[in-house]
Amino acid sequence: MAELARDARRRIELRGRRFPRPPATRVLTVANQKGGVGKTTTSVNLAAALAKGGLNVLVIDNDPQGNASTALGIEHRSGTPSVYEVLVDDAPLASAVRTCPDFANLWCVPATIDLSGAEIELVSMDSRETRLRTALDTYLSERDASGQDPIDYVFIDCPPSLGLLTVNAFVTAREVLIPIQCEYYALEGLSQLLNTVELMRAHLNAELRVSTILLTMYDARTNLAQQVAAEVREHFPDITLRTTVPRSVRISEAPGYGQTVISYDAGSSGALAYLEAARELAVRGVEPDQAPTSTTTTKDDGHE
């Protein structure tokens with residue numbers, strides 16, 4: 001009953017809510033060197049939640065598996081204009097941008113299986129680490145010059161391995177968003193990722209910083225989840241979102257229908273959690289020193 005009441009409050013509070021627009025485009029890489037922590041799920045659902053809140057959002061699927069493209073309902077068969085052509089053939093990013101069928105203000109640059117060979121092809125190329133950043137900067141400048149609405153958020157979904165695709169994502173981004181599964185091994189992966197970010201800052205992208213940590217697959221019924229959440233918040237109090245994303249059947253089902261959970265079942269616990277997290281992310285982007293206030297984002301989010 002408590003969970004139902006909390007979700008009901010969230011529905012009322014978030015219905016029709018417009019999120020604040022950042023002063024400049026925020027470019028975030030969603031990364032974690034540990035697999036299975038919800039990187040792609042977090043990328044597409046935060047993007048959809050921000051789009052539902054009235055913001056213009058671009059998702060760059062930089063993972064050869066193309067799961068983000070699938071979840072956004074974007075065609076990504078081999079031969080489809082994709083991030084591969086942008087990285088390897090110097091194609092303009094605009095040629096690969098596709099509109100998500102569920103949100104007119106949400107766009108995606110898909111990934112195809114061709115991208116799996118890009119790691120090898122990029123090795124011998126000039127500016128191999130900065131190709132994606134150059135393409136994105138050019139695309140954003142062209143939108144401004146043509147009078148189109150600016151992109152508010154760019155999310156880059158990258159593979160868990162630290163290859164040239166991930167390096168390109170880190171060089172392109174100004175911020176890193178880390179989804180952390182609430183289990184013990186997730187903390188070890190976090191330590192490795194922070195070391196990687198420091199290497200990127202030192203050698204390739206001095207602007208890069210870890211700005212956000214989101215706790216995913218949270219089950220308030222287990223002591224372990226609560227302990228992991230408490231430890232992460234103790235060590236990173238300023239960048240860990242108050243919102244936690246519960247384990248959710250709806251979140252798992254949505255990609256099978258080519259949708260995010262935001263469009264698949266907007267009233268589910270998982271969708272409400274991502275909407276709440278998106279609002280918190282947006283408020284922090286406008287007022288970084290002010291933690292958003294909410295009576296509905298407590299650490300004991302329930303299990304759907």
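## Close-up views of a predicted model

**View 1. D238 sits in a loop.** D238 is found in the loop between α9 (223-235) and β8 (240-246); helices (H or I, at least four residues) and strands (E, at least two) are DSSP runs, numbered from the N terminus. This is a predicted model, in which local features need pLDDT of at least 70 and side-chain atom pairs count only at pLDDT 80 or more, while totals for chains, interfaces and linings use all residues. Residues are numbered from 1 along each chain as its sequence is written, and side-chain values use heavy atoms, with hydrogens and water left out. Is D238 buried or exposed? D238 counts as exposed because its relative accessibility is 69%; buried means under 20% relative accessible area, exposed over 50%, and partly exposed in between (1.4 Å probe, protein chains only). The C-alpha atoms of D238 and T212 are separated by 8.5 Å, and these two residues are 26 residues apart along the chain.

**View 2. The whole protein chain gives the setting.** The protein chain holds twelve helices and eight strands. Of its 304 residues, 55% are buried. Contact means heavy atoms within 4.5 Å. Among the contacts in the protein chain with a separation of 6 or more, 80% join residues 24 or more positions apart.

**View 3. Two loop residues have a positive phi.** D90 is not a glycine, yet its phi is positive, about 60°. You will find D90 in the loop between α4 (83-88) and β3 (98-99). D90 is exposed, because its relative accessible area is 56%. S127, also not a glycine, has a positive phi of about 50°. Look for S127 in the loop between α5 (118-122) and α6.

View 4. The expected span of a helix is 1.5 Å times one less than its number of residues. Helix α6 covers residues 131-145, so its 15 residues should span 21 Å at 1.5 Å a residue; its end C-alpha atoms are 21 Å apart, which agrees. Which residues of α6 are buried? They are R131, L132, R133, A135, L136, Y139, L140 and R143. After α6 comes G147, with a positive phi near 80°.

**View 5. L136 belongs to the largest nonpolar core.** A nonpolar core is a set of buried Ala, Val, Leu, Ile, Met, Phe, Trp, Tyr and Cys residues joined through side-chain atoms within 4.5 Å. The largest one has 55 residues, of which L58, I60, L93 and L136 touch the most other members. With neighbours within four places in sequence left aside, L136 is in contact with V27, L58, I60, L93, V154 and T172. Another core, of 39 residues, lies apart from the largest one and has V30, L46, L55 and A271 among its members. In soluble globular proteins, nonpolar side chains tend to be buried together.

**View 6. V44 is a buried residue of helix α2.** V44 has its place in helix α2. V44 counts as buried, because its relative accessibility is 2%. Which residues does V44 contact, leaving aside its neighbours within four places in sequence? They are A68, A71, L72 and T260. V44 and Q259 are 215 residues apart along the chain, and their C-alpha atoms are separated by 9.1 Å.

**View 7. Helix α12 is mostly covered.** Of the 18 residues of α12, 17 are buried. The helix runs over residues 269-286, so at 1.5 Å a residue it should span 26 Å; its end C-alpha atoms are 26 Å apart, which agrees.

View 8. On a 1 Å grid over the protein atoms alone, a cavity is a set of points where a 1.4 Å probe fits but cannot get out, and a pocket is an open set with protein on both sides within 12 Å along at least five of seven lines; lining residues have an atom within 4 Å of a point. Grid points are joined across faces, edges and corners, and a volume is the space filled by probe spheres set on the points. The second largest pocket holds about 300 Å³ of space. Its lining has 21 residues, with G38, K39, T40, T41 and N67 nearest its centre. Both α2 (39-52) and α3 (67-71) supply at least two lining residues each, and α2 gives the most, with five.

**View 9. A cavity lies within the model.** A search of the whole structure finds one cavity of 30 Å³ or more. The largest cavity has a volume of about 40 Å³. Its lining consists of A31, N32, Q33, P159, P160, L162, T166, F170 and L193.
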